[in-house]
Protein chains: 2
Amino acid sequence: MTTPWNHRYALRTEGMTASVIRELLKLTEAPDVISFAGGLPAPEVFPVEEFRRAADTVLREYGPKALQYGATEGFLPLRQHIVKMMRRYGVQAHEDNVMITSGSQQALDLIGMLLLNPGDKILTERPTYLGALQAWRAYQARYITVPIDQDGLMTEYLEEALRSGPKFMYILPNFQNPGGVTLSLERRMELVRMADDYGIPIVEDDPYGQLRYSGEHLPPLVVLDCDHLESRARDGHGYFHGNVIYTSTFSKTLAPGLRLGWIVAPVEVLQRCVQCKQGMDLHTSTLNQMIAYELIKDGFLDQHVKLIRRVYRERRDVMLAAMERCFPEEVTWTRPDGGLFLWAWLPEELDAAELLKEAVARHKVAFVPGSAFYPDGSGHNTMRLNFSNARPEMIEEGIRRLGLLLKERLAALRRQAAVAVPA
Amino acid sequence: MTTPWNHRYALRTEGMTASVIRELLKLTEAPDVISFAGGLPAPEVFPVEEFRRAADTVLREYGPKALQYGATEGFLPLRQHIVKMMRRYGVQAHEDNVMITSGSQQALDLIGMLLLNPGDKILTERPTYLGALQAWRAYQARYITVPIDQDGLMTEYLEEALRSGPKFMYILPNFQNPGGVTLSLERRMELVRMADDYGIPIVEDDPYGQLRYSGEHLPPLVVLDCDHLESRARDGHGYFHGNVIYTSTFSKTLAPGLRLGWIVAPVEVLQRCVQCKQGMDLHTSTLNQMIAYELIKDGFLDQHVKLIRRVYRERRDVMLAAMERCFPEEVTWTRPDGGLFLWAWLPEELDAAELLKEAVARHKVAFVPGSAFYPDGSGHNTMRLNFSNARPEMIEEGIRRLGLLLKERLAALRRQAAVAVPA
């Protein structure tokens, strides 16, 4: 029908109509489907009782403050606590380098607003985080992509990609979403060196850094950048100052329902972020910031993260073992050292989006077709599997079903090939 | 110093540096200053105890759900409750017409993302809400402004303004921020008629609609638009469909610290809003939405709004009486029927920003210089006064101080004039 709206939408919203994948994913929410599609934490590890006590304390002791407007930068004690947390990972930031965001998704939106003019290019891993592509579509970004292998972004392709002039690099160094891979130390060092050589900053997205289940902790890019820059890593006032904007979140360690993330950036960048955020949502919920602070101020997070690691490590192991057992040998996949996801490559002849339709309808099991994570829509034969949300016995059963389907489809393909090319 | 960031900021962030007014307003936060500058609700009316009980119930009964990711559209029972609330004001919306936002500030950001291309014009009242100007600066909007009088936007200037082709009109019909004026019924009807004639939609921002202290309730533009459009106000599925996007908030009736607002819009517009919001912050805090729903589901809001009205009505009356008593006769001001603000015009010779410096430094009283609310930075001799936040005795004292300062300055001006033009 005619509408007064049709011809009024901004150019940047073109293509914002129901995507095939979005429609498919709605089907995966049916209660009888075992879903590896979402990126949801396990609800059974949420510290509900601790949250209840923290909320009670905050409202009892600081009620009017918790319900009032707050500073755009965020609740100061929480920012100071984040400074302490970051220091343990070697990040020498000051509270003036830290801003609270409404989830780290907002940090991505902010970075787009701050840095992108229409048509600007962003260098990303291939595949990369879907939510970043969604955030930056609004700024009409274009992409230069560099493939990943088990050691993360393949830096041998980096120089050529940097020569085409991206505005910044967007990197998830730890247990990347969607690939599940971790950037090696050598590649991290090469990345910060190249960022400096080419004068092209890095946006480091680190939602899962604390969720490592095997292997050794590796320093974040923001730390390696400061090491590399030496005296240049401090501004005139001694504040943190370099080529990296770092962002992380409490969504995976406390609870996503709070919508609490943060940005660490040079003061000059952060002040502009504050001005952008003011126009976006004024500030992040005071109540939630105060509850989170109340909950973690005495060290609860460390102990809680240990529990999460234990639970997710088991689920990862169960999923990997089940895949080993049930998946056809033509399929390969990553073996993540942490995080929430792993990534699988199917034979070229298979289309993961097609497969998902059948998986949901006939086998009641779901995943995300990998093409969603490719800026150019390629990757038709890849898929992302989440191992944090479903219980171990459900993971076993879901992988069994998926393995069956994959074997069926491959057998059918072989039969077709046999018919098409008779001996 | 040199920085890798300087030359990387997006065009849209130009001018995002510390403004004179922003710096001035920081001074108003000193504890010994009586501030009429903010737009803060009175913290003593926050229903702290009720919030505490609601938070406890939500975390006890639905903890894992409250802490998990939620739908971008918002928590369904809260959306359904908003549909019921809106129906009482005559808005025949369906839950598919309603999306929860992270405060109504986010609704403004969303509308900018959805509708604005760089250079697009927006028709606003003059003066208008500062937060809207901040949100839309990111979309490089330009402005066509129409002055207000005691009956709101002066519709006699509307047609000429519409002819210059704005993308939409941004209107605060009730107790406008900053003017404190209310759009009369006749002008409301003219506005929706003109929107239809010119095919130019209206964004109706209504944060204070429920906070009326005198006079009769007037129907929102979204209702008058549907009346005017008759059968055209429904889409093919019978959903609400017209020329108005309506937005409101729980910030002034429950608590701003929750960051909960909402948009009511045609389904087609709302679906795109959902896609924009997904890239902005995924969704609004599940916990806060569930707490708000728990708090209001059985009618608490009606009774609580009565309390707020009583408290704010008294403060408005105290401020108006004190101004009558203490302000020099050369100053004029609006007499709001509701909301949080009133607006004053000083003699042309006075500069409100200059005055603020002295007011804060010597008299320990603060307000917002009106020029912040003019897209073109004019309005040097105007000021906005908030009457919701300070207690009545503080309002009396603050207005007394401000009156003294105004009289001093006017006397000084007269002395200068006498010297300059000797008889």
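Trainee: In which sense do strand E7 and strand E8 of chain B pair, and over how many bridges?

Mentor: In this predicted model, E7 (residues 202-205) and E8 (residues 244-249) of chain B pair in the parallel sense, over 4 bridges. Within this pair, Val203(B) stands opposite Ile245(B) of E8(B).

Trainee: How many helices and strands does chain A have?

Mentor: Chain A has 13 helices and 14 strands.

Trainee: Why is chain A called as compact as a globular protein of its length?

Mentor: The globule rule gives 22 Å for 423 residues, and the radius of gyration of chain A is 22 Å; the two values are close, so the description applies. Along the principal axes, the C-alpha atoms of chain A fill a box of roughly 75 × 60 × 50 Å.

Trainee: What share of chain A is buried?

Mentor: Of the 423 residues in chain A, 53% are buried. The term requires 20 or more other C-beta atoms within 10 Å of the residue's own.

Trainee: What domains does the assignment give for chain A, and how many residues are in contact between them?

Mentor: Domain 1 comprises 6-46 + 302-418, and domain 2 comprises 64-299. Their centres are 26 Å apart over C-alpha atoms. In the contact, 28 residues of domain 1 of chain A meet 31 residues of domain 2 of chain A. On the domain 1 side, H11(A) provides the largest share, 8 residues. That side divides into 14 nonpolar, 7 polar and 7 charged residues.

Trainee: How many residues does each chain give to the contact between chain A and chain B, and which element of chain A gives the most?

Mentor: Chain A gives 69 residues and chain B gives 69 residues. The element of chain A that gives the most is H2(A), with 11 residues. By class, the chain A side has 34 nonpolar, 22 polar and 13 charged residues.

Note on methods. Residues are numbered from 1 along each chain as its sequence is written. Chains are lettered from A and ligands numbered from 1 in the order in which they are written. This is a predicted model: local features need pLDDT of at least 70, side-chain atom pairs count only at pLDDT 80 or more; totals for chains, interfaces and linings use all residues. Domain bounds come from an automatic or database domain assignment. Two residues are in contact if their C-beta atoms, placed from the backbone, lie within 7 Å. Helices (H or I, at least four residues) and strands (E, at least two) are DSSP runs, numbered from the N terminus. Ala, Val, Leu, Ile, Met, Phe, Trp, Tyr, Cys and Pro count as nonpolar, Asp, Glu, Lys and Arg as charged, and the others, Gly among them, as polar. The radius of gyration is taken over C-alpha atoms; the globule rule is 2.2 Å times the number of residues to the power 0.38. A residue is buried if 20 or more other C-beta atoms lie within 10 Å of its own, exposed if 12 or fewer, and partly exposed in between; C-beta atoms are placed from the backbone. Two strands pair if DSSP finds at least two bridges between them.
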